[in-house]
Amino acid sequence: MNKSIFFSGTHGVGKTTTIRNVAKELDILIFNAVSDDHRNPCEKDVFNRQAWRLGKYFSDAVHLKDLGMRFDGPILVDRCVYDWLAYTRTFQKLGWLSKEEFKKLEDYHNALFDQTISPKNIIWFDPPYEWSKERILIRWNEEKKKWNEGDFEYLKLLREIYADIYGNNPDINVLRLKSTEIDVRANEIKDFLKRII
């Protein structure tokens, strides 16, 4: 699992585009998820949505562990269970999940994930809030609006929770990308990959 590098952060910060660019330039494998994160069958029910997503990330983690034992090079991955954790905590703080629902989801998470499959290497996209907001608005104009992303108070809280998760976890190796410049991001990612591979 240590050869897996996870691209993490809120919606609209350019994770997927960056993964494709880095993978192409450096000839690195991209992990194809078992199920598409954006085709969640529980779209309107927050508890079931997060339960489904947790199952997806667990299945991905198991496949990645197996792939890592058979494949010698690095593997780039779009999102991970820490993204799930950030969104779940945000939903609970906003009252979209009850305390009981949140506790159930936490229990599911603790039962499924341990140190052998928990992500270790994270590239965290944390550009300025206004830049992220502008990118989301552009995406809407291209008719690519996703679930509930129009609530910008939700986006602010989500960013705070990401900062809490990645600022207080000594068990993971995190590269925090604050730049919005493609070339700057690419160079920082390359340096990070050199250090951990």
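The largest nonpolar core of this predicted model has 33 residues, and those touching the most other members are Tyr 82, Trp 84, Phe 113, Ile 122, Tyr 162, Ile 165 and Tyr 166. At least two residues of this core come from each of helix H2 (46-70), strand S3 (75-78), H3, S4 and H6. A second, separate core has 15 residues, including Ile 5, Ile 19, Ile 123 and Leu 175.

**Contacts of Tyr 82**
- Leaving aside residues up to four places away in sequence, Tyr 82 touches Ser 118, Pro 119, Ile 122, Ile 165, Tyr 166, Asn 169 and Ile 172.

**Aromatic rings**
- The structure holds 11 aromatic pairs.
- Phe 91 and Tyr 154 are both buried.
- One aromatic cluster is formed by Tyr 82, Tyr 87, Phe 91, Trp 96, Trp 124, Tyr 154, Tyr 162 and Tyr 166.

**A charge over a ring**
- Lys 133 places its charged end over the ring of Phe 152, at 5.0 Å from the ring centre.

**Confidence of the prediction**
- The protein has a mean pLDDT of 88, with 89% of its residues at 70 or more.
- Among its elements, strand S4 (residues 121-125) has the highest mean pLDDT (97) and helix H5 (residues 129-141) the lowest (85).

Terms used: Residues are numbered from 1 along each chain as its sequence is written. This is a predicted model: local features need pLDDT of at least 70, side-chain atom pairs count only at pLDDT 80 or more; totals for chains, interfaces and linings use all residues. Side-chain values use heavy atoms; hydrogens and water are left out. Rings of Phe, Tyr and Trp (its six-membered ring) pair if their centres lie within 6.5 Å; planes under 30 degrees apart count as stacked, over 60 as edge-to-face and the rest as tilted. Buried means under 20% relative accessible area, exposed over 50%, partly exposed in between (1.4 Å probe, protein chains only). A charge sits over a ring if NZ of Lys or CZ of Arg is within 6 Å of the ring centre and within 35 degrees of the ring normal. pLDDT is the predictor's confidence in each residue, from 0 to 100. Helices (H or I, at least four residues) and strands (E, at least two) are DSSP runs, numbered from the N terminus. A nonpolar core is a set of buried Ala, Val, Leu, Ile, Met, Phe, Trp, Tyr and Cys residues joined through side-chain atoms within 4.5 Å. Contact means heavy atoms within 4.5 Å.
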